[in-house]
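The following report describes one protein chain for a reader who is new to structural analysis. Please keep the sequence and the structure in view while reading.

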Amino acid sequence: MGMGAGMGSGQGSMMAFTINGRKFDPERMDETAAAGTVEEWTLTNSSGMDHPIHLHVWPMQIVQDGDRDVTRPTWQDVVNVPARSQVKVRVAFDDFPGRTVIHCHILDHEDQGMMATIQAR
């Protein structure tokens, strides 16, 4: 999953914040997972600023931070993905089939499009 922040084109354009190159659309399903499974995701940040990422419902287990393997993987509600870096996480889509969102926990970034929908089924 990639996060990006970049300038729009044209006069008076605002910064565009995206996940996987797309601004949030509540009608679109961005990712799906099978309920009862564990997935490993690499969260990649190509922008010049940190993005604390929050996945509703399921905590994320950090297993690699940048180039460093994490000796004691920890479960976190919010995972910071540093500028121009990546974090590998595991997500257990255990007891909750349904639809939710993943988003940047910086409100301005979320409001400008850095959010995506996830469904476990």
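Arg84 counts as exposed because its relative accessibility is 64%; buried means under 20% relative accessible area, exposed over 50%, and partly exposed in between, with a 1.4 Å probe and protein chains only. Arg84 lies in the loop between strand S8 (78–81) and strand S9 (85–93). Strands (E, at least two residues) and helices (H or I, at least four) are DSSP runs, numbered from the N terminus. Although Arg84 is not a glycine, it has a positive phi of about 50°.

Asn20 also has a positive phi, near 55°, and is a residue other than glycine. Asn20 is found in the loop between S2 and S3, and it counts as partly exposed at 33% relative accessibility.

## Basis of the model and overall composition

This is a predicted model, in which local features need pLDDT of at least 70 and side-chain atom pairs count only at pLDDT 80 or more, while totals for chains, interfaces and linings use all residues. Residues are numbered from 1 along each chain as its sequence is written, and side-chain values use heavy atoms, with hydrogens and water left out.

Of the 121 residues in the chain, 37% are buried. A contact means heavy atoms within 4.5 Å. Among the contacts with a separation of 6 or more, 68% are between residues 24 or more positions apart. The accessible surface of the chain is about 6,600 Å², and carbon and sulfur atoms account for 48% of it; such areas come from the Shrake-Rupley method with a 1.4 Å probe, and for residues only the protein chains shown count as cover.

## The aromatic cluster

How many aromatic pairs does the structure hold? There are three aromatic pairs. Rings of Phe, Tyr and Trp (its six-membered ring) pair if their centres lie within 6.5 Å; planes under 30 degrees apart count as stacked, over 60 as edge-to-face and the rest as tilted. Trp41 and Phe93 form a tilted pair, with 5.8 Å from centre to centre and 45° between the planes. Trp41 lies in strand S4 (residues 37–45) and Phe93 in strand S9, so this pair ties together parts that are 52 residues apart in sequence. Both Trp41 and Phe93 are buried.

The rings of Trp58 and Phe93 have centres 4.8 Å apart and planes at 65°, so this pair is edge-to-face. Because Trp58 lies in the loop between strand S5 (51–55) and strand S6 (60–65) while Phe93 is in strand S9, the pair ties together parts that are 35 residues apart in sequence. Trp58 is buried at 2% relative accessibility, and Phe93 is buried with a relative accessible area of 0%. Trp41, Trp58, Phe93 and Phe96 form one aromatic cluster.

## Salt bridges

A salt bridge is a side-chain nitrogen of Lys or Arg within 4 Å of a carboxyl oxygen of Asp or Glu. By this rule the structure has five salt bridges. In one of them, Glu40 pairs with Lys88, and their closest N and O atoms are 4.0 Å apart. Glu40 lies in strand S4 and Lys88 in strand S9, so the pair ties together parts that are 48 residues apart in sequence. Glu40 is partly exposed at 44% relative accessibility, as is Lys88 at 26%.

The side chain of Glu40 also meets that of Arg90 in a salt bridge (2.9 Å, N to O). This pair ties together parts that are 50 residues apart in sequence, because Arg90 lies in strand S9 and Glu40 in strand S4. Arg90 is partly exposed, with a relative accessible area of 32%.

Where does Asp30 lie? Asp30 is in the loop between strand S2 (15–19) and strand S3 (31–33), and it counts as buried at 12% relative accessibility. Its side chain makes a polar contact with the side chain of Arg28 (2.5 Å). A polar contact is a pair of N or O atoms within 3.5 Å; within protein, one must be able to donate a hydrogen and the other to accept it, and residues adjacent in sequence count only if both atoms are side-chain atoms.

A polar atom of the Asp30 side chain also lies 2.9 Å from the backbone nitrogen of Thr117. Leaving aside residues up to four places away in sequence, Asp30 touches Arg22, Ala116 and Thr117.
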